[in-house]
Amino acid sequence: MKKCIACGMPMKKESDFAMGDTSKDYCVYCAKSDGSMQSFEEKQQSLIEFMIKTQGLDKNIAAQAVAKTMCQLPAWKAYFKS
């Protein structure tokens with residue numbers, strides 16, 4: 001089973017992959033409509049909004065939680081290097 005390099009979601013079935021393409025390393029939720037992967041800024045904002053909506057977090061707390069998660073994901077590690 002693959003995990004999305006951009007959000008960490010397990011990708012178990014074809015429909016979980018961007019454009020249904022199992023050779024892609026990112027999921028349907030991290031893909032733009034053309035099948036390319038969202039930018040760092042796009043993914044960061046969507047994850048913050050997701051955390052606020054699903055967990056009722058304050059925006060600053062959600063942003064901190066997202067940064068803690070994103071820094072561990074293969075697609076975004078370079079954005080957090082000192």
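Reader: What do the buried residues of helix 2 pack against?

Author: The buried residues of helix 2 pack against helix 1. Packing here rests on contact, meaning heavy atoms within 4.5 Å. Helices are DSSP runs of H or I with at least four residues, strands are runs of E with at least two, and both are numbered from the N terminus. This is a predicted model, in which local features need pLDDT of at least 70, side-chain atom pairs count only at pLDDT 80 or more, and totals for chains, interfaces and linings use all residues. Residues are numbered from 1 along each chain as its sequence is written, and side-chain values use heavy atoms, with hydrogens and water left out.

Reader: Which residues of helix 2 are buried, and what puts them on the same side?

Author: Ala-62, Val-66 and Met-70 are the buried ones in helix 2. Buried means under 20% relative accessible area, exposed over 50%, and partly exposed in between, with a 1.4 Å probe and protein chains only. The three cover an arc of only 65 degrees around the axis, so they are on the same side of helix 2; the arc is that of the directions from the helix axis to the C-beta atoms. On the other side, Asn-60, Gln-64 and Lys-68 are exposed.

Reader: How do you know that the span of helix 2 agrees with its number of residues?

Author: The expected span is 1.5 Å times one less than the number of residues. For the 12 residues of helix 2 that should be 16 Å, and the end C-alpha atoms are 16 Å apart, so the two agree.

Reader: What makes a set of residues a nonpolar core, and which members touch the most others here?

Author: The set must be buried Ala, Val, Leu, Ile, Met, Phe, Trp, Tyr and Cys residues joined through side-chain atoms within 4.5 Å. The largest such core has 18 residues, of which Cys-4, Tyr-26, Cys-30, Val-66, Met-70 and Trp-76 touch the most other members. Helix 1 (40-55) and helix 2 (59-70) each supply at least two residues, and helix 1 gives the most, with four.

Reader: Why is the pair of Phe-40 and Tyr-79 called stacked?

Author: Rings of Phe, Tyr and Trp (its six-membered ring) pair if their centres lie within 6.5 Å; planes under 30 degrees apart count as stacked, over 60 as edge-to-face and the rest as tilted. By this rule the count comes to four aromatic pairs. The centres of Phe-40 and Tyr-79 are 4.2 Å apart and their planes are at 5 degrees, so this pair is stacked. Phe-40 lies in helix 1 and Tyr-79 in the segment after helix 2, so the pair ties together parts that are 39 residues apart in sequence. Ring pairs also link Phe-40, Trp-76, Tyr-79 and Phe-80 into a cluster.

Reader: Are Phe-40 and Tyr-79 buried, exposed or partly exposed?

Author: Phe-40 has a relative accessible area of 10%, so Phe-40 is buried. Tyr-79 is at 49%, so Tyr-79 counts as partly exposed.

Reader: Why is Gln-38 called buried, and where is it found?

Author: Its relative accessible area is 15%, so Gln-38 is buried. Gln-38 is found in the loop between strand 2 (10-11) and helix 1. A polar atom of the Gln-38 side chain lies 3.3 Å from the backbone oxygen of Tyr-29.

Reader: Why does Met-19 count as exposed?

Author: Met-19 has 58% relative accessibility, so Met-19 counts as exposed. Met-19 too has its place in the loop between strand 2 and helix 1.

How values were computed. A polar contact is a pair of N or O atoms within 3.5 Å; within protein, one must be able to donate a hydrogen and the other to accept it, and residues adjacent in sequence count only if both atoms are side-chain atoms.
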